[in-house]
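Morning, everyone. Let me put the model up, and then I'll walk you through it.

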Amino acid sequence: MEKTKILIAYGTRYGATTGTAEEIAKVLQEEGNEVKVVNLKEEKVKNISEFDLIIIGSGMKMEMWTSKVKAFSNKFSNELKKKKVAIFVSSGARALMEYKNEHDEIERITKKYLENKASKYGLNPISMTMFGGIWDYNQMGKIYRKFLDPELENFIPAGFKEIEPGVYDSRNWEEIREWAKELARMI
Ligand SMILES: Cc1cc2nc3c(=O)[nH]c(=O)nc-3n(C[C@H](O)[C@H](O)[C@H](O)COP(=O)(O)O)c2cc1C
């Protein structure tokens, strides 16, 4: 039997989505699929016709997908409508909102980061989800740092790991692997 072909096309600004995309790819490969991972900033996708499932991933900044992910979704919008599609985003905000029980905010960003984007490009994804991300204090501009300072004490209790001094990571690898396994079952 021919293997199911999967494309993971993603955009990242700070690198978190790269690790997430690679972990998803690893699981899907272990489940017997053929997976191509493309960082849209480094590689242009010319054709998606050969793929049975397309996973679109983007890091979030000021509530926006990366420009390359937007361009990809626009360019292939007609074809994507006819394909199996799944979407994930990397969010630095979600874990903090969960910790603070801001359910309305979580609902709002789920709509804004995922549901509204899917409808914007006319997609009907088989699954959409929001993973954690990275806050890197060393690379952050002054304004953002000031904005985040009151949150600093919440990072660790909210489940962030300080993976390097000043770098807080809220990606939950188990959650990421579970999602990939769930996708493998759905295709
Ligand atoms: C300037 C800036 C703006 C950000 N804006 C958001 C945001 O609007 N929502 C959110 O959930 N996370 C936000 N984040 C956190 C990012 O989602 C997090 O850094 C994530 O890792 C981004 O994905 P990437 O590392 O693949 O670029 C922001 C981070 C920075 C530095």
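I'll take a helix, then salt bridges, then surface charge.

First, the ground rules. This is a predicted model, where local features need pLDDT of at least 70, side-chain atom pairs count only at pLDDT 80 or more, and totals for chains, interfaces and linings use all residues. Residues are numbered from 1 along each chain as its sequence is written, and side-chain values use heavy atoms, with hydrogens and water left out.

Start with helix α1, residues 16–30. Helices here are DSSP runs of H or I, at least four residues, and strands are runs of E, at least two, numbered from the N terminus. α1 has 15 residues and spans 22 Å from first C-alpha to last. That is close to the expected 21 Å, where the expected span is 1.5 Å times one less than the number of residues.

Is α1 mostly covered or mostly open? Mostly covered: 11 of its 15 residues are buried. Buried means under 20% relative accessible area, exposed over 50%, and partly exposed in between, with a 1.4 Å probe and protein chains only. Among the buried ones are A16, G19, E23 and V27. After α1 comes G32, with a positive phi near 95 degrees.

Now salt bridges. The cut-off: a side-chain nitrogen of Lys or Arg within 4 Å of a carboxyl oxygen of Asp or Glu. How many does the whole structure hold? The search finds 13.

Look at E43 and K36. Their side chains pair at 3.1 Å, N to O. E43 is partly exposed at 35%, and K36 is partly exposed at 38%.

Next, helix α8, residues 173–186. E174 bridges to R177, closest N and O atoms 3.4 Å apart. R185 bridges to E182 at 3.0 Å. R185 and E182 are 3 residues apart in α8, so about one helical turn separates them. R185 is exposed at 56%, while E182 is partly exposed at 35%. There is also a network: E63, E105, R108 and K112 are joined by salt bridges that share partners.

Last, the surface. R13, K41, K44, K46, K61, K68 and K75 gather in a patch of positive charge. Patch residues have over 30% relative accessible area and no salt bridge, with like charges joined within 9 Å. Lys and Arg count as positive; His and the chain ends are not counted. Each charge is placed at NZ of Lys or CZ of Arg. Take K46: it sits in the loop between β2 (34–39) and β3 (53–59). K46 counts as exposed because its relative accessibility is 76%.

Technical notes:
Patches are made of residues with over 30% relative accessible area and no salt bridge: like charges are joined within 9 Å, nonpolar side chains (Val, Leu, Ile, Met, Phe, Trp, Tyr) within 5 Å. Accessible areas come from the Shrake-Rupley method with a 1.4 Å probe; for residues, only the protein chains shown count as cover.
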